[in-house]
Amino acid sequence: MLRLHYMTAIMPAAVRKPKQKASVENTVGNIATAVIALLRHRTYYDVPSLQEAIRVAVKRYNDQPFQKRTGSRSSILEEEKRYLRPLPAVPYEVSTLVPDRKVYPNCHVSLLKNWYSVPYIYRSKKVDVRYTETTVEIFFDHQQIASHPKFPDYVTNRYSTHASDMPDEFNKPEMDQERMCAWASTIGPNTREVIDRIFRSVKLKEQSYNAALSVLHLSRHYSNDRFEDACQIALANTTSPRYKYLKAILASNQDLVLRERKTTQNNPEISQTEDNASGAYVRGASYYGGGAHDDQ
């Protein structure tokens, strides 16, 4: 970046040619020696005070006259200032390039566990993402197509969405909200309520496509009754159930426990039988009283 700014060519020192580096290395060593020698007997209790002392020491070193020529390092800088270009208006930032990121049907790209929108015409295409500490830039075919402020590293599962990136009513994705809700209704009312809550939890419906589809795809691995019971449990314990929450319920068979409880409550005879069966395991005090049992 510095090379481009000053329009210069950087020529690395040749291998096994230490004399080409001597001048620079000596200057660095001389500055370090001058600063350390001046400050070695002083104590500083905060960083700003130390920085100010270092600036004074460096200025003193630069103001010292040359031994074999007129002037000083400071005077040479003043002569060369007219040849220097002003610094860039925007400070340089180190960036990271992530190539070949897929644009999902919700018109967003996943980056560091967050989501950033791109124009809907790039759905299902591969894009390159470049990010710094503050900015996320998205490129297609080396052309920038979107830019977003970057979420902090501690933030996850957040969406940065430009409304103009979203498709209009004539460019609906393959699976939209209407179709997802209709799919959920074929499973049962609890599943439909889960999908409705997912859509109500966001400002733009496109932000919920992935979450809703994940839930619906999970339902394919279980019967409708089991999935309905799982959704009932989730709705009772969280405001907006998602894929991981439902999967944990099904994996731990909590829905089967709920189903068994429902069956017991709806059948009094089963409830009475279970009560009697539980009482049969109580042997009573006479069993442990000795007598006929002593010989056994």
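This is a predicted model: local features need pLDDT of at least 70, side-chain atom pairs count only at pLDDT 80 or more; totals for chains, interfaces and linings use all residues.

Trainee: How many helices and strands are in the chain?
Mentor: The chain has 11 helices and seven strands.

Trainee: And how much of the chain counts as buried?
Mentor: Of its 296 residues, 28% are in the buried class. As for contacts with a separation of 6 or more, 52% come from residues 24 or more positions apart.

Trainee: Let's do strands. In what order do the strands of the open sheet run?
Mentor: The order is β2-β3-β7, three strands with mixed pairing. β2 (108-111) and β7 (159-160) are the edge strands, each pairing on one side only.

Trainee: What about β2 and β3, parallel or antiparallel?
Mentor: Antiparallel, with four bridges between β2 and β3, the latter being residues 114-117. If you want a spot to look at, find Ser 110, which sits opposite Trp 115 of β3.

Trainee: Remind me, what holds strands like that together?
Mentor: Backbone hydrogen bonds do the pairing in a sheet, in either the parallel or the antiparallel sense.

Trainee: How many bridges does β5 make with β6?
Mentor: Six, again in the antiparallel sense, with β6 spanning residues 143-149. Phe 139 faces Gln 144 in β6 across that pairing.

Trainee: Which residue takes a positive phi in the hairpin of β5 and β6?
Mentor: Look at Asp 141: its phi is positive, near 55°, and the hairpin has two residues between the strands.

Trainee: Switching to the inside. Which residues touch the most other members of the largest nonpolar core?
Mentor: Ile 195, Phe 227 and Leu 246, out of 26 residues in that core. The elements giving two or more residues to this core are α5 (177-187), α6 (189-200), α7, α8 (224-237) and α9. The most come from α7, which gives seven.

Trainee: So who does Ile 195 actually contact?
Mentor: Setting aside neighbours within four places in sequence, Ile 195 contacts Cys 181, Ala 184, Ala 212, Val 215 and Leu 216. There's also another core apart from the largest one, with 16 residues, including Leu 111, Ile 138, Phe 151 and Val 155.

Trainee: Last topic, the largest pocket. What's its volume?
Mentor: About 620 Å³. Its lining has 15 residues, and those nearest the centre are Trp 115, Asn 157, Tyr 159, Ala 211 and Arg 242.

Trainee: Trp 115 again, the one opposite Ser 110! Which helix supplies the largest share of the lining?
Mentor: α7, with three residues. Both α7 (209-219) and α9 (243-251) supply at least two residues each.

Trainee: And how does the lining split by class?
Mentor: Five nonpolar, six polar and four charged residues.

Definitions and conventions. Residues are numbered from 1 along each chain as its sequence is written. Side-chain values use heavy atoms; hydrogens and water are left out. Two strands pair if DSSP finds at least two bridges between them. On a 1 Å grid over the protein atoms alone, a cavity is a set of points where a 1.4 Å probe fits but cannot get out, and a pocket is an open set with protein on both sides within 12 Å along at least five of seven lines; lining residues have an atom within 4 Å of a point. Grid points are joined across faces, edges and corners, and a volume is the space filled by probe spheres set on the points. Ala, Val, Leu, Ile, Met, Phe, Trp, Tyr, Cys and Pro count as nonpolar, Asp, Glu, Lys and Arg as charged, and the others, Gly among them, as polar. A nonpolar core is a set of buried Ala, Val, Leu, Ile, Met, Phe, Trp, Tyr and Cys residues joined through side-chain atoms within 4.5 Å. Buried means under 20% relative accessible area, exposed over 50%, partly exposed in between (1.4 Å probe, protein chains only). Contact means heavy atoms within 4.5 Å.
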